[in-house]
Amino acid sequence: MDKMWAGRFQEKLNELADDFNTSLPFDCRMYKQDIEGSMAHARMLASKGIISVEDSKLITEGLGEILDDIVSGKLNFNTDAEDIHMFIESELTRRIGDAGKRLHTARSRNDQVALDIRMYLRDENKEILTLIRKLIETLRDKAQDNTDAIMPGYTHLQRAQPVTFAHHILAYAMMFKRDYERIDDALKRMNSCPIGSCALAGTTYDTDRYMEAELLGFDSVMLNSMDGVSDRDFCLELLSAYSILMMHLSRFSEEVVLWSSWEFKFIELSDSFSTGSSIMPQKKNPDMAELIRGKCGRVYGDLVALLTTLKGLPLAYNKDMQEDKEAIFDAVDTVKMCLSVFEPMLMTATVLKDNMLKAAQKGFINATDMADYLVKKGMPFRTAYKLTGETVAYCIENKTVLEDLPFEKYKELSPLFEEDIYNEISLKTCVEKRISVGSTGPESVKMQIEYITEFLDD
């Protein structure tokens with residue numbers, strides 16, 4: 001296949017250089033967007049009298065047939081083509097003749113690829129947003145089912161204070177809601193059409209960029225043609241949002257790994273989302289969570305790779321920018337795959353409430369409530385803090401817990417203690433008396449569930 005740009009050259013491109021230069025193996029996934037963009041371009045050219053209505057009709061019909069043939073598998077990508085744009089244009093010209101050669105009037109591959117990647121990411125992120133919403137819905141449902149499941153809350157991976165399992169997983173619901181909003185916000189900012197910027201300086205043809213943008217579902221046009229062909233901020237912004245999303249998935253996966261271990265046993269993963277060992281028959285491994293945790297670094301790498309590629313590029317288009325696709329495509333694929341696996345893994349997991357409660361009954365996680373009890377009786381907080389710490393040390397030394405400490409001992413520690421201390425430091429009371437907004441208390445958790453539900457219903 002002759003190169004579209006071959007007129008200027010005396011020698012054929014070296015075979016190794018040709019292989020090195022081609023992007024078709026990875027940008028072929030944008031065939032649908034490339035064809036849709038070309039159809040709109042042909043309509044615009046005809047509306048402005050730049051090409052004939054007859055040629056525009058031939059081009060549009062030919063492109064539609066090419067799309068059908070690719071989807072059906074009848075047409076395979078020609079590996080001799082330099083990229084998806086040249087493949088589509090060459091195939092169109094082969095089918096309809098000279099009319100196909102008029103399609104590329106008033107555009108360049110520079111603005112064409114900028115258009116295709118925006119449209120492709122717009123389509124892919126609709127699916128990503130749907131997957132995030134589904135995960136948030138599953139978290140909401142799990143929270144509703146576990147508002148009474150008391151577990152230890154941790155800081156420094158040490159038992160700290162009692163919380164409910166609902167409260168714990170709603171924290172992730174809030175994170176994923178922010179991820180949704182970040183991606184959605186990035187999509188709004190990237191929905192500006194670059195086509196018509198041409199190579200970098202615009203065109204001498206009287207085009208209608210606004211018409212073309214409207215046909216393709218864009219909110220506006222890129223107002224600087226050099227920015228139109230060289231901007232990849234939208235890729236970086238999405239990669240950044242993906243990286244934060246993957247960080248949240250990784251943190252949650254780490255907890256799934258811990259919770260499903262015999263040391264914790266807070267949850268039991270479904271067999272359908274677990275694997276075994278080739279030598280140890282008793283093993284049930286949380287491989288899906290571990291893989292998601294591992295793939296987080298992959299998406300980080302995609303972000304850093306593209307940042308590094310772009311950091312030294314002068315305006316406008318440079319061939320280095322071809323490297324944007326493999327990074328952003330890999331991140332899109334990874335995020336979709338991780339979300340698709342994590343949500344059903346979580347949905348099918350069994351929450352072991354009794355084990356959570358038993359763990360919460362150890363570790364003196366009601367100590368803060370004992371200190372608060374004394375403060376409400378009039379003792380300064382720092383004094384109450386010190387006395388509670390000394391009481392915990394006494395319990396450890398005497399192999400007991402605050403709930404089982406004799407009342408006589410409490411009276412010996414401070415005359416402020418009354419019989420109601422035992423109720424005040426019960427785990428159920430510790431949770432129920434958390435009344436501040438955002439806390440683990442029942443009313444607060446109910447409000448959090450309602451907040452997430454409103455988001456899902458919006």
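**Close-up views of a predicted model**

**View 1. Gly-297 sits in helix H12.** Is Gly-297 buried, partly exposed or exposed? Its relative accessibility comes out at 41%, so Gly-297 counts as partly exposed. Look for Ser-250 too: it is 47 residues away from Gly-297 along the chain, yet the two C-alpha atoms are separated by 9.4 Å.

**View 2. The whole chain, for orientation, contains 20 helices and 6 strands.** Step back for a moment before going in again. The C-alpha atoms take up a box of roughly 100 × 50 × 40 Å along the principal axes. For a compact globule of 458 residues you'd expect a radius of gyration near 23 Å, but this chain comes in at 31 Å. Of its 458 residues, 51% count as buried. Take the contacts between residues at least 6 apart in sequence: 76% of them link residues at least 24 apart.

**View 3. The largest nonpolar core is built from 74 residues.** Which residues have the most contacts inside this core? They are Leu-121, Phe-176, Ile-183, Tyr-242, Leu-249 and Phe-252. The top contributor is H11, which gives 14 residues to the core.

**View 4. Phe-176 is one of the core residues with the most contacts.** Setting aside its neighbours within four places in sequence, what does Phe-176 touch? Its partners include Ile-132, Leu-135, Ile-136 and Leu-139. Further along the sequence, Phe-176 is also in contact with Leu-245, His-248, Leu-249 and Phe-252.

**View 5. A second, separate core has 21 residues.** To find your way around this one, pick out Ile-51, Ile-59, Leu-63 and Phe-87, which are among its members.

**View 6. Asn-110 is part of helix H7.** Why does Asn-110 count as buried? Because its relative accessibility is 16%, and the cut-off for buried is under 20%. Apart from neighbours within four places in sequence, Asn-110 is in contact with Cys-198, Ala-199, Val-229 and Tyr-317.

**View 7. A cis peptide bond joins Leu-315 and Ala-316.** Most peptide bonds are trans. Here, though, omega is about 10°. You'll find Ala-316 in the loop between H12 and H13.

**View 8. Leu-157 has a positive phi without being a glycine.** Most residues other than glycine have a negative phi. For Leu-157, phi is about 60°. Leu-157 is located in the loop between strand S1 (150–155) and strand S2 (158–164). Is Leu-157 buried or exposed? With 55% relative accessibility, Leu-157 counts as exposed.

**View 9. Phe-364 is a non-glycine residue with a positive phi.** Its phi is about 55°. Phe-364 belongs to the loop between H14 and helix H15 (367–376). Why does Phe-364 count as buried? Its relative accessibility is 19%, and anything under 20% counts as buried.

Technical notes. Residues are numbered from 1 along each chain as its sequence is written. This is a predicted model: local features need pLDDT of at least 70, side-chain atom pairs count only at pLDDT 80 or more; totals for chains, interfaces and linings use all residues. Side-chain values use heavy atoms; hydrogens and water are left out. Helices (H or I, at least four residues) and strands (E, at least two) are DSSP runs, numbered from the N terminus. The radius of gyration is taken over C-alpha atoms; the globule rule is 2.2 Å times the number of residues to the power 0.38. Buried means under 20% relative accessible area, exposed over 50%, partly exposed in between (1.4 Å probe, protein chains only). Contact means heavy atoms within 4.5 Å. A nonpolar core is a set of buried Ala, Val, Leu, Ile, Met, Phe, Trp, Tyr and Cys residues joined through side-chain atoms within 4.5 Å.
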